[in-house]
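Subject: Structure for your files

Hello,

The structure is pasted below, and my notes on it follow. Please read them alongside the coordinates.

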Amino acid sequence: MVFKMKKTLKMPHTYALLLILVAFACVMTYIIPAGIYDRENVDGRKQVVNDSYHHVAQQPVSPIEIFRAVPTGLVEAGEIVFYIFLVGGAFGIIHRTGAIKVSVFLGDECENLRNGSRRVRNVPQSGSAGRYAWETEAGE
């Protein structure tokens, strides 16, 4: 009996996906015609003028600029990138300490106490909030 191995489609590495997307965007600058809308100031804000689209000279991106695109973008959007890293790190710390699980558990227990249904529960001891949970039996 001969067994054939099925080939599974494997997801490429994150950096490979990013390189493919940037290369695709570079190629599209040669294909898609360039154009802009006119803008005007209204109440201190720039807004697009309706029906003002017109074609402009195409300025395609050279393949050499692919390698400069990501660092340039990170520098230009540095504030928001730093903020996203900061929030991501904070959520990572909260997740690793188990604070979210404990707070959900305590919320369920408080709801059970408010509704009058008292039952014994094992209290998770990860995080500082675990020691404040209630353990009661139906007869008390």
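S52 is buried, with a relative accessible area of 10%; buried means under 20% relative accessible area, exposed over 50%, and partly exposed in between (1.4 Å probe, protein chains only). This is a predicted model, in which local features need pLDDT of at least 70 and side-chain atom pairs count only at pLDDT 80 or more, while totals for chains, interfaces and linings use all residues. Residues are numbered from 1 along each chain as its sequence is written, and side-chain values use heavy atoms, with hydrogens and water left out.

S52 sits in the loop between strand 3 and strand 4. Helices (H or I, at least four residues) and strands (E, at least two) are DSSP runs, numbered from the N terminus. A polar atom of the S52 side chain lies 2.7 Å from the backbone oxygen of V49. That falls under polar contacts: N or O atoms within 3.5 Å, where within protein one must be able to donate a hydrogen and the other to accept it, and residues adjacent in sequence count only if both atoms are side-chain atoms. Leaving aside residues up to four places away in sequence, S52 touches I36, Y37 and D38 (contact means heavy atoms within 4.5 Å).

D51 is in the loop between strand 3 and strand 4 (54–55). D51 is exposed, with a relative accessible area of 82%, and its phi is positive, near 55 degrees, in a residue other than glycine. D43 also has a positive phi, of about 55 degrees, although it is not a glycine. D43 belongs to the loop between strand 2 (39–42) and strand 3 (45–48), and is exposed at 78% relative accessible area.

On the helices: helix 3 (residues 78–97) has 20 residues and reaches 29 Å from its first C-alpha to its last, close to the 28 Å expected at 1.5 Å a residue. The expected span is 1.5 Å times one less than the number of residues. G98 follows helix 3 and has a positive phi near 80 degrees.

V27 is in helix 1 (residues 14–31) and is partly exposed, with a relative accessible area of 46%. V27, Y30, I31 and I32 make a nonpolar surface patch of about 400 Å². Accessible areas come from the Shrake-Rupley method with a 1.4 Å probe; for residues, only the protein chains shown count as cover.

Buried residues make up 9% of the 140 residues. The chain exposes about 12600 Å², of which carbon and sulfur atoms supply 62%.

Regards

How values were computed
Patch = residues over 30% accessible without salt bridge, like charges linked within 9 Å, V, L, I, M, F, W, Y side chains within 5 Å. Salt bridge = Lys/Arg side-chain N within 4 Å of Asp/Glu carboxyl O.
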